[in-house]
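Thank you all for coming; I would like to take a few minutes to walk through one structure. Please have the sequence and the model open while I talk.

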Amino acid sequence: MNLKISALEYVQEVQSGNISVEDYVSKTIERISKVDEKIHAFLSVSENVLDQARMIDKKVRSGEKVGACYGMPISIKDNICIKDGKTTCASKMLENFVAPYDATVIQKLKQQDAVFVGKANLDEFAMGLTTEFSAYGASGNPWNTDYVPGGSSGGSAASVSAFECVASLGSDTGGSVRNPASFCSVVGYKPTYGLISRFGLISYANSIEQIGPLTRTVKDSAFMLNIISGLDTNDNTTIDGNEQDFLSGIEYGIEGKKIGIIKEMVGEGTAPEVLAATNDAVSKLEGLGATCEEVSLDMVKYSVAAYYTITATEAGSNLARYDNLRYGYEFPVEGYEFNSYIAKARRRFGPEVTRRMIIGGFVPSAGQAGKYFLKALKVKSKLTREVGEVFERFDLLVAPTVPVLPFKKGEKIDDPIALFQVDLNTVTANLTGRPAVSVPFAISNGLPIGMQLIADSNHDKMLLQAAYALEQTVNLPEVPI
Amino acid sequence: MVAAEEIERVSKLMRIDVDDHREYVDKVQSMIEFFDVLDSAGVESEEISMQEIPISNLRNDEHVPFDGKLIEKLNHYKGTYVRAPKMSS
């Protein structure tokens, strides 16, 4: 049984009767048992997956209509609700929280006969970019388990990379799908803001975050997008994608496209190996018939500060609901005054969440808002305008997904500013609502480098075509685990 | 430099109780200092643009039945009431 196949290959194999869902899912569970001790991609593994697999096999055998996923084993970031399953957000605060409903993306995947093999690790409440802030321990990078897998959807990326599932869903607030995709050499897709419903995604920074797929190939991301995108009455920020088929015409190519190389994202903070890979990517894009030209986005150098100011403010508001009365753990109320009870209960938040909540209280407060929060919103507005102007001249933008190579666990955890800088190339797409994708592009000294392409809003289909074209130019080694 | 006392005051307002204030104050101070770069962005005259959501995007105001009693999932639900800490006098 070959677990190292793409989602589309998996569907084809089941459809043609070459493999059964039960066999594949069973092997996947074996694989998780074998490698996840080292990777820790999962916070929990589903218990009833083989029953689900058998049911889908039965449908296949009887000729009954089967959903597009054909029992495909998928991992789900543990900040997305699956009904009657634990959703911890990798936090001790939600250690025993059982979701009472399905997220819209989960409903859609269930309708298409997906099998949820487990909940994937993340930085607590998706605040981080290494998974080291998970309250249940960091994940390891399948390419070298001493290194971080990126984050915050690090468990999702690692599980796809290590063949512990076929595909995964993550969430991307400032690069949390693309960053781990780059570090683990998988495809990570952040759609146009509103293309995918956020209903059932536990909120961190609603105004910019999106759910996105992590897959082995670009075609697989398009396949997943076909299933999970669309208007949702439960999320009034969703947009009408006109039921586009993102998979059809994906081989269209990029001949004649104009691509801007974002100057501020290949500056002095970029590692030489990443810079070399970027130059190589540009050559390959030109070889495919595109025209590449350097372009400047002046506001990029302020984007990380604006991003953290805005997200901390929204997090401060979103996490205010964790008073341990509506959600939480066993902690008796007797003997406590209301405010002191909540403050004591919140000791269960980890250090990064606590820091961001404090910042989230500070930056929009009376006397500080003008200096921080309002200024950050103005940077966001100006950056959005700059990007809009650039897309009048260019079809796509390119930059390395992350300016540095994956780094060792513990290397940056005590230096928040060093971690901030890792986000430099990804936050722009979130702040401006644009779609962006990380494509596995190179392996340097055994560590992956991903290349990021960004398109204008609602040009997701064209972005996937470009990503597919770039993907076809590389032939990367297999993950060593 | 944001004063440590200011950060401690905000922590209290946010109802966050931490053991080692120094540990948090140092890191929060360095993070907020990093945000000072916004001062040089030259955006004072910039208008803040917000995403507008048409009213038609809002879901209909109608009852959606839920198959279960959410209140029973609360840790402090006592059958007929929810136990909560006493309010400040």
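Which residues are buried in helix 3 of chain A? Before I answer, please note that this is a predicted model, in which local features need pLDDT of at least 70 and side-chain atom pairs count only at pLDDT 80 or more, while totals for chains, interfaces and linings use all residues. Residues are numbered from 1 along each chain as its sequence is written, and chains are lettered from A in the order in which they are written.

The buried residues of helix 3 of chain A are A:Val49, A:Gln52, A:Ala53, A:Ile56 and A:Asp57, where buried stands for 20 or more other C-beta atoms within 10 Å of a residue's own, exposed for 12 or fewer, and C-beta atoms are placed from the backbone. They lie on the same side of helix 3 of chain A because they cover an arc of only 140° around the axis, the arc being that of the directions from the helix axis to the C-beta atoms. On the other side of this helix, A:Asp51, A:Arg61 and A:Ser62 are exposed. Just after helix 3 of chain A comes A:Gly63, which takes a positive phi of about 80°.

Turning to the two chains, 41 residues of chain B are in contact with 49 residues of chain A, contact being C-beta atoms, placed from the backbone, within 7 Å. Helix 2 of chain B gives the most to the side of chain B that touches chain A, namely eight residues, helices here being DSSP runs of H or I with at least four residues, numbered from the N terminus.

Methods:
Helix = DSSP H or I, 4+ residues; strand = E, 2+ residues; numbered from the N terminus.
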